Amino acid sequence: MDRNGDLLRTLLEAYRKVTGDQSQPLVVGGCTYARTMENIVAFGPAFPGKNSLEHMPDEFITAEDLKRLKEIYRKALMDILGKEISM
């Protein structure tokens, strides 16, 4: 996907608006569902300073981080639905 395309820009803007984190986004080379479909991006829970626990025994997310993710996803969806996104 184009790093400067509308979709990725909109997702990053939502993340930054909710968190205030202006760092560059992480690109993880793992195999995800995003590799099996066109025009899709894995946009998921990774916050700076937090241990990466996905796919580990006893994986979890804190309630605080889950609430923050809800706000990020809500903002991203509202922004995507509010404008036409080119893929």
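The side chains of Lys50 and Asp65 come together in a salt bridge, at 3.4 Å from N to O; the term covers a side-chain nitrogen of Lys or Arg within 4 Å of a carboxyl oxygen of Asp or Glu. This pair ties distant parts of the chain together, with Lys50 in the loop between H1 and helix H2 (63-82) and Asp65 in helix H2, 15 residues apart. Helices here are DSSP runs of H or I with at least four residues, numbered from the N terminus. The model is a predicted one, so local features need pLDDT of at least 70 and side-chain atom pairs count only at pLDDT 80 or more, while totals for chains, interfaces and linings use all residues. As for bookkeeping, residues are numbered from 1 along each chain as its sequence is written, and side-chain values use heavy atoms, with hydrogens and water left out.

The cut-offs are under 20% relative accessible area for buried, over 50% for exposed, and partly exposed in between (1.4 Å probe, protein chains only).

In total, the structure holds six salt bridges. Side chains of opposite charge can pair when their charged atoms come close. Another of the bridges runs between Lys75 and Asp79, whose closest N and O atoms are 2.8 Å apart. Both residues belong to helix H2 and lie four residues apart, about one turn of the helix. Lys75 is partly exposed at 23% relative accessibility, and Asp79 is partly exposed too, with 22%.

Over in helix H1 (residues 6-19), Asp6 and Arg9 are three residues apart, or about one helical turn. They form a salt bridge as well, with 2.6 Å between the closest N and O atoms. An α-helix has 3.6 residues a turn, so residues three or four places apart point the same way. Asp6 is partly exposed, with a relative accessible area of 24%, and Arg9 is also partly exposed, at 40%.

H1 itself has 14 residues and spans 20 Å from its first C-alpha to its last, close to the 20 Å expected at 1.5 Å a residue; that expected span is 1.5 Å times one less than the number of residues. Its buried residues are Leu7, Thr10, Leu11, Ala14, Tyr15 and Arg16, and they pack against H2, where contact means heavy atoms within 4.5 Å. Just after H1, Gly20 adopts a positive phi of about 80°.

Technical notes
Helices (H or I, at least four residues) and strands (E, at least two) are DSSP runs, numbered from the N terminus.
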